[in-house]
Amino acid sequence: MGKQSDVVKTESNTSRKIGYALLYLILGIIAVFQVYPLIWLVKFSLKSNREVFSESPFALPTEPRWENYTTAWTQGNIGLYFFNSVWITVVAVVLTVLFASLVTFAITRMNWKFNKLTLGLFMIGLMIPIHSTLIPLFSFFLSINLIDNPIAIILTYTAFNLPLTIMILLGFYYTLPREIEEAAVIDGCSINRIFFQITLPMTMPVISTTAIINMIYNWNEFVFINTFIRSDHYRTLTVGIQSFIGQYATDWGAIGATLVISILPILIAFFFLSNKIVEGIAAGAVKG
Amino acid sequence: MNKVMSNKLIITLYVLPALLLIMVLIYVPIVLTGYYGLMRWDGVGEMTFIGLDNYIRLLSDNQFWRSSFHSLLLAIFSTISLIGYLIISLILATKIKGANFLRKIYLIPMLLSSVAIAQLWLKIYHPTNGLLNSLLFTIGFNNAPAWLADRSLVLFSIFIAIIWQYAGFYILIYYAALKNIPESIIEAAKIDGATPIQIAYKIKFPLILGVFKVTIILAIVGSLKYFDLIWIMTGGGPAGASEVIASYMYKQAFSSYNFGYGSAVGFYLLLFCLIATWLIRKLTTSKEEIQY
């Protein structure tokens, strides 16, 4: 009797192990599907066209051609696009987080008649498809001479990221104890000092989450910059590499190198900040 | 306290910058889109009021309905693929070693720009030297299709790239929701003799139903307004076989300079998104939300 139950036990153990092995296999295949295209990209970014067209695409480059990267960087204006991406992203993120914090503070901490209505306006903003605003925005910026001006891009990024940012901040503000702020009021502290010296520092954890999310969205944005920016010297990486690739359509190595350069900053950021990024994306899920 | 916190001037100063931005750059434009739809207009010259002509013409515009159908197909594909993401998340959440690492690996494509993703997939789908067809040649499959030039395959091919882009995102959301389920509930079910599949189907899934509904809205509305990958990879082609509502609108306005007609398309897109959101909310509202 005891022996039989042992047999049953080992059998279920083996089937358990097989089951787990199967699950790992499925998860592993998905991981390969998600990552291999990027490894392949790095491989062909180091190849010459002759290698790309005559040898197996799975092979490693026989002699890595780093000059593909110098070609991309010098001829592709990548340095300039990179700089534009950085400063436009940073300015838009700072404005978004500051304005969103001010609104969230006013909505959660101060007493006024229309605060529910204002909050509603911001939340409905989450559902508006950007393409439905594109033509009026274009003609608006055209009429005030902001087409082909980075200010148009920064303002648009800020406006469209405000609803999501406020939504994420709101959850944090509601859980934040008010006692410190109340004590500050009793001590005669002005509201500006309360906001800038007490509340803002206390909300740093959630501010960094929203800043990261905003950064990823702005860094990767395509439609607005493609529509509102005409001249090369204001292009960001996304649109810049698109036009560069258009010119070098047949040079696989240069295209690959350009793409690797454009995604490297995000991958490096992810390597160091993955927990924050994961948390931010989960919190920002509503935007999609 | 109350007096300090009711300072009208401060409230105005704090709220105004953000409110102005969303009013001027989001709300006024969506109203104007509807209004411009009533015009014949090339974007720079004079507008001519033509009433509902654009909206009526759209109703019998075959290419518009074809584009809408493609957007709808993408929405259906995306919704179905949610089940796959859910299953993967359920596996990941069953104390798999390395789950945290895996979900981060899955997320990487979502962090890349659509330009990078589109350009990479253009190379993957390259008819002779692309990753996919090379793989097919290696295993002896000689008539590999030209994935993006084949009218019957192009939408499906793009959808695979969209899956690549978003899989990690949905898995992340489900995983986070599943990790929120208290361990005690699962333990209790195990003691009662529930199998892992029963636990997944009868306990875990109902508990994250709220999150699942949100992702349905995300997937459908996201698909209806989908644009980037399609625009860069095929531009809606070949012969309109991958045209969607947003790309059709963009072409009408910024390639053909039919700003009035494009606005009408943009307005329909807005309506579709709002109706879809409302409809899904309505269809998926259950009498009682499950609490734990």
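Modeller: Before the first question, a word on terms: helices are DSSP runs of H or I with at least four residues, and strands are runs of E with at least two. Please also keep in mind that this is a predicted model.

Biologist: How far apart do the end C-alpha atoms of residues 21–42 of chain A lie?

Modeller: The UniProt annotation "transmembrane region", from an unreviewed entry, includes residues 21–42 among its spans in chain A. In the model that span is 100% helix and 0% strand, and its end C-alpha atoms are separated by 30 Å.

Biologist: What is the corresponding distance over residues 86–107 of chain A?

Modeller: Residues 86–107 are also among the spans that UniProt's unreviewed entry annotates as "transmembrane region" in chain A. The model gives this stretch 100% helix and 0% strand, with a distance between the end C-alpha atoms of 31 Å.

Biologist: In chain B, how far apart are the end C-alpha atoms over residues 71–280?

Modeller: The unreviewed UniProt entry assigns residues 71–280 of chain B to "domain: ABC transmembrane type-1". Over that range the chain is 72% helix and 0% strand, and the distance between its end C-alpha atoms is 16 Å. For one of the spans that the record lists as "transmembrane region" in chain B, residues 69–93, the model has 96% helix and an end-to-end C-alpha distance of 36 Å.

Biologist: How much area do chain A and chain B bury between them?

Modeller: The size of an interface is often given as the accessible area lost when the parts come together. Here 88 residues from chain A and 89 residues from chain B take part in the contact. In chain A, the residues that lose the most area to chain B are Gln34(A), His131(A) and Ile135(A), which together make up 9% of what that side buries. Carbon and sulfur atoms account for 79% of the total, which is about 8,200 Å².

Biologist: Is H6(A) roughly parallel or roughly antiparallel to H12(B)?

Modeller: Helix H6 of chain A, residues 131–143, packs with helix H12 of chain B, residues 245–255, at an angle of about 15 degrees, and their axes are 10 Å apart. Angles under 35 degrees count as roughly parallel, so the relation of H6(A) to H12(B) is roughly parallel.

Biologist: Which residues of H12(B) does H6(A) meet?

Modeller: H6(A) passes H12(B) in a right-handed crossing, and by class their contact has eight nonpolar, one polar and no charged residues. From H6(A), the residues His131(A), Leu134(A), Ile135(A) and Phe138(A) meet Ala246(B), Met249(B), Tyr250(B), Ala253(B) and Phe254(B).

Biologist: Why is H12(A) described as roughly antiparallel to H13(A)?

Modeller: Within chain A, the axes of helix H12, residues 237–247, and helix H13, residues 252–283, come within 10 Å and cross at roughly 180 degrees. Because angles over 145 degrees count as roughly antiparallel, this crossing makes H12(A) and H13(A) roughly antiparallel.

Biologist: Which peptide bond of chain B is cis?

Modeller: Most residues other than glycine have a negative phi, and most peptide bonds are trans. In chain B, the loop between helix H11 and H12 holds Pro238(B). With omega near -5 degrees, the cis bond is the one from Gly237(B) to Pro238(B).

Biologist: What is the phi of Asn145(A)?

Modeller: Asn145(A) sits in the loop between H6 and helix H7 of chain A. Although Asn145(A) is not a glycine, its phi is positive, at about 60 degrees.

Definitions and conventions. Residues are numbered from 1 along each chain as its sequence is written. Chains are lettered from A and ligands numbered from 1 in the order in which they are written. This is a predicted model: local features need pLDDT of at least 70, side-chain atom pairs count only at pLDDT 80 or more; totals for chains, interfaces and linings use all residues. Side-chain values use heavy atoms; hydrogens and water are left out. Axes are lines fitted to C-alpha atoms, for helices over the stretch in contact, and angles run from 0 to 180 degrees between N-to-C directions. Angles under 35 degrees count as roughly parallel, over 145 as roughly antiparallel, 65 to 115 as roughly perpendicular and the rest as oblique. A crossing is left-handed if the near helix is turned anticlockwise from the far one by less than a right angle, and right-handed if clockwise. Contact means heavy atoms within 4.5 Å. Ala, Val, Leu, Ile, Met, Phe, Trp, Tyr, Cys and Pro count as nonpolar, Asp, Glu, Lys and Arg as charged, and the others, Gly among them, as polar. UniProt positions are given in the numbering used here, feature names are shortened, and annotations may be inferred rather than shown by experiment. Buried area is the accessible area (1.4 Å probe) that two parts lose on being put together, summed over both.
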